Amino acid sequence: MGMIALIRADFMKQRHTSYFGIHTVIPITGAVLFVFYFLLYQNVDGLKRLRLLLELTAMVFPLLISIIVGLNITQEERASHFQSLLAMPDRRKILLAKFATLYLSGIFSLVLLFALFVIGAGMSRTEIIPWGLLIQSVLGLAMGNFVIYALHLFLSLKFGLGISLFWGVFECLQCVLYSNIELHGLWRYIPFSWSVNWVHDVLNGKLAANAVQWIFVVALSVGSLLAILHWFSRWEGRKNDE
């Protein structure tokens, strides 16, 4: 079965769940709140307001990812104790399709959030949105979430929803910390700091200066996914106590 067919099959599994509702209602709600804040505090510098909104997005996404990925894997466990995944000849392809489904859904929500924000904030003729900085920041948020999706896919398969959710809360709290400090050296390679670091680099004009670090980040992201795919090809499922 081709990759596109597998991705379509994964989407079809979610038709009677809250999956699509979560990926639309939450971005719409977030966009309304963002627009309200952006227009209400017009006396605050535009870049400071934009920075706060981007940092909030970077903080909330790990928690949402932990919930969505955890629920998705729980659905597979309840349906057949992962047999629909483990019984396939090429397991890595199956897991890669599931990762693509989850990640593309996250990108859709991210784009929807800021597209609606731009439309809403653009209604005020007094507001000038820095398009270039916003687009670069959103691309960085999408890139930073890549490894978060991969990590929670592993945690949900190996340990279940509870551990995935616990780690999502931990990541969220760490993002709150990193939004108030500037990391240097090896500290910048902490996976759940990447989104916040990218936003800071974009808004502070340091993206080019840290280009080599970001190349390593991309390599680490892809390497993490490949490692998880390799682990999954040898995984025999969780213990069934029923």
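Me: Where does S66 sit?
Reply: S66 is in helix α3. Helices here are DSSP runs of H or I, at least four residues, numbered from the N terminus. This is a predicted model: local features need pLDDT of at least 70, side-chain atom pairs count only at pLDDT 80 or more, and totals for chains, interfaces and linings use all residues. Residues are numbered from 1 along each chain as its sequence is written, and side-chain values use heavy atoms, with hydrogens and water left out.

Me: Is S66 buried or exposed?
Reply: Buried, because its relative accessible area is 0%. Buried means under 20%, exposed over 50%, and partly exposed is in between, with a 1.4 Å probe and protein chains only.

Me: Where does α3 bend?
Reply: At V60, by about 25 degrees. A proline, P62, follows within four residues. The bend is the angle between axes fitted to the seven residues ending at a residue and the seven starting there.

Me: What caps the N-terminal end of α3?
Reply: D45 does. One of its side-chain oxygens lies 3.1 Å from the backbone nitrogen of L47.

Me: And what happens just after α3?
Reply: H81 takes a positive phi there, about 50 degrees.

Me: New topic, salt bridges. How many does the structure hold?
Reply: Six. The criterion is a side-chain nitrogen of Lys or Arg within 4 Å of a carboxyl oxygen of Asp or Glu.

Me: Which residue does R51 pair with?
Reply: E55, at 2.9 Å, N to O. Both lie in helix α3, four residues apart, about one turn of the helix.

Me: Why would that spacing point the side chains the same way?
Reply: An α-helix has 3.6 residues a turn, so residues three or four places apart point the same way.

Me: How accessible are R51 and E55?
Reply: R51 counts as partly exposed because its relative accessibility is 29%. E55 is at 7%, so it counts as buried.

Me: What does K98 meet in a salt bridge?
Reply: E76, at 3.1 Å, N to O. This pair links distant parts of the chain: K98 is in helix α5, E76 in helix α3, and they are 22 residues apart. Both K98 and E76 are buried.

Me: And what about R188?
Reply: R188 forms a salt bridge with D201, at 2.5 Å, N to O. That pair also links distant parts of the chain, 13 residues apart: R188 is in the loop between α7 and α8 (194-203), D201 in helix α8. R188 is buried, because its relative accessible area is 9%. D201 is at 3%, so it counts as buried.

Me: Which residues are joined into one network?
Reply: D10, K13, E76 and K98, through salt bridges that share partners.

Me: Tell me about D10. Where is it?
Reply: In helix α1, residues 3-13. D10 is buried, because its relative accessible area is 6%. A polar contact of 2.9 Å joins its side chain to that of K98. A polar contact is a pair of N or O atoms within 3.5 Å; within protein, one must be able to donate a hydrogen and the other to accept it, and residues adjacent in sequence count only if both atoms are side-chain atoms.

Me: Over to the surface. Which residues form the nonpolar patch?
Reply: I67, L71, L161, L165, V169 and L173, with about 450 Å² of accessible area together. The elements giving two or more residues are α3 and α7 (161-178). α7 gives the most, with four. Patch residues have over 30% relative accessible area and no salt bridge; nonpolar side chains (Val, Leu, Ile, Met, Phe, Trp, Tyr) are joined within 5 Å, like charges within 9 Å. Areas come from the Shrake-Rupley method with a 1.4 Å probe, and for residues only the protein chains shown count as cover.

Me: How accessible is I67?
Reply: It counts as partly exposed, because its relative accessibility is 31%.
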